[in-house]
Amino acid sequence: MELKIEGEYEMSKKRIVLAYSGGLDTSVAIGWIGEQTGAEVIAVAVDVGQGGEDLEVIRQRALDCGAVEAYVADAKEEFASEYCMPALQANALYQDKYPLVSAISRPLIVKHLVRAARQFGADTMAHGCTGKGNDQVRFEVSFTSMAPDLSCISPVRDLALTRDVAIEYGQEHQLPIETTKHNPFSIDQNVWGRAVETGFLEDLWNAPTKDVYTYTDDPTYPPLPDELVISFEKGIPVAIDGNLMNPLQIIQELNTRAGAQGIGRIDIVEDRLVGIKSREIYEAPGAIALIEAHRELENVTIEREQARFKRQVDRRWAELVYDAQWFSPLKKSLDAFIKDTQTYVTGDIRLQLHGGRATVTGRRSESSLYDFNLATYETGDTFDQSYAKGFIEIYGLPAKLAAARDVKFGHGVDFGIGNL
C-alpha cells in the first residue's frame, strides 16, 4: 500500500522524517541525525490520545530543536474508528490479555510519516525505538509496506544515541526540553490504553506500586456500581445509555467510567516478537469493557460453528498485529472474515462496572439466535425432547464402534478397580 500525496517535490539536500514525541530522546535526535547523516529533519508528531502537551507546543519545540519542518496531526478520531474498532471486532487480546495498545497505533503513525515524507520530499524515515523491542519492527515493516521505495534508520539503534548521550547533548546545545527529571518507567499511551515497563517492574517478583497507574483507580475500594447500556451496530459501539456517540467518544467515556472502577489493569509476562520475554503493565479500562460487551453480544448473535472458528481467527489476528503484520495478506483475509461475522452483531448489552470487573447483566438483539421458547424449561417449551434419544445414538455411534473394537483387541478402558 503506497500512500501518494499531492505536491511531491525533490530537494537538493537529503531529508529525513522523524517520528517525534516531543520528549528528550526524539528532540535530541533532530540535531543528532543532522550531525551524523548531514540530512535535514522533518519532525512528525501524531496525536493518538497520549495526552500531555498541545500539538502546537510540540510543533514549536521541534522547530526550536532544529527541525526544518514540523508536521503535526490530531489523529484521535482516525485512530479510534479505523484501528481501535477493528481490534474490538476481533476481540483482540494478545496472549488472551493484552489489547494491543501500542501495536495498533504504529501503522497509523507510519501512515502520517509517509504522508509527511511525500509532502516534504524526504527519502528516509527515523524512529526512536531501541533494537530490543517490538516497535522498531512495527514501524519499519509498516513503513516498507506503505512506501517500499523509502529507507529507515533508528538513531538509538543505528547512530549510538544512548540515554546518557542524549542528556549530555541536550544540555550542551541548550535544547528547550527537560533533561534531568528521572522517570523509572517507559510509558506509551493512547486512547485505547496505557503501557508501562522497565524500572523496578523488570524484577518479576515486584508488585506494581500506586504510581504505576494513571488511567485506573484502585479497585480495592471502588465507588458504587456503575451500570450502563452499550448499543452496537454490526459490531461497532454507537451509543451509551441511548446517547449517540462516535467511537472516540465512547472509548473516552468508558475510560473514565470503567477506569474509576479499576477495570482494565493487566500485569503480564509477554512473549516479544524479538524472542525475549518482557514484564508489562497495561491499563485499558475502555478497551476491556468494550471487548467484554462485544464478545457477549457475539455469543447471542453468531452461529455456533462460526463463533467457534472466529475465536481462533481472533487469536491469530491479535498475534499478527502484535507481530507487525498489520498490512500482511493473511491479516487482510482475516479482516474480511471478521467483517462478515459482524453482519448481525447488533443490539444492546447492559454492563455493570464495579470493583475491577465489567460484568454483563443483560442482552437484547433483534438478530438474536436465542429462542426463549426453545430454551425454557417451563410451560411453553417448543423443544421436542423426544428427538434427543435418536440424536444421541447417532452422535455417539463413532465412539461406540471404536470402543467396541478396543474391547475386542484387549485395549478397553482401564477403570483402575482391578478384577472384580
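Before placing anything, I noted that helices (H or I, at least four residues) and strands (E, at least two) are DSSP runs, numbered from the N terminus. I'm reading a predicted model, where local features need pLDDT of at least 70, side-chain atom pairs count only at pLDDT 80 or more, and totals for chains, interfaces and linings use all residues. Residues are numbered from 1 along each chain as its sequence is written, and side-chain values use heavy atoms, with hydrogens and water left out.

**Entry: the annotated site**

I checked the UniProt record, an unreviewed entry, and its "binding site" annotation covers Thr-130, Asn-134 and Asp-135. Such annotations may be inferred rather than shown by experiment.

I found Asp-135 in helix α5. Is Asp-135 buried or exposed? Asp-135 counts as buried because its relative accessibility is 17% (buried is under 20% relative accessible area, exposed over 50%, partly exposed in between, with a 1.4 Å probe and protein chains only). Leaving out residues up to four places away in sequence, Asp-135 touches Ser-102, Arg-106 and Cys-129 (contact means heavy atoms within 4.5 Å). I also noted a polar contact of 2.8 Å between the side chains of Asp-135 and Arg-106 (a pair of N or O atoms within 3.5 Å, one able to donate a hydrogen and the other to accept it; residues adjacent in sequence count only if both atoms are side-chain atoms).

Thr-130 sits in the loop between β4 (124-126) and α5 (135-146). I put Thr-130 down as partly exposed, because its relative accessibility is 41%. With residues up to four places away in sequence not counted, Thr-130 touches Gln-136 and Val-156.
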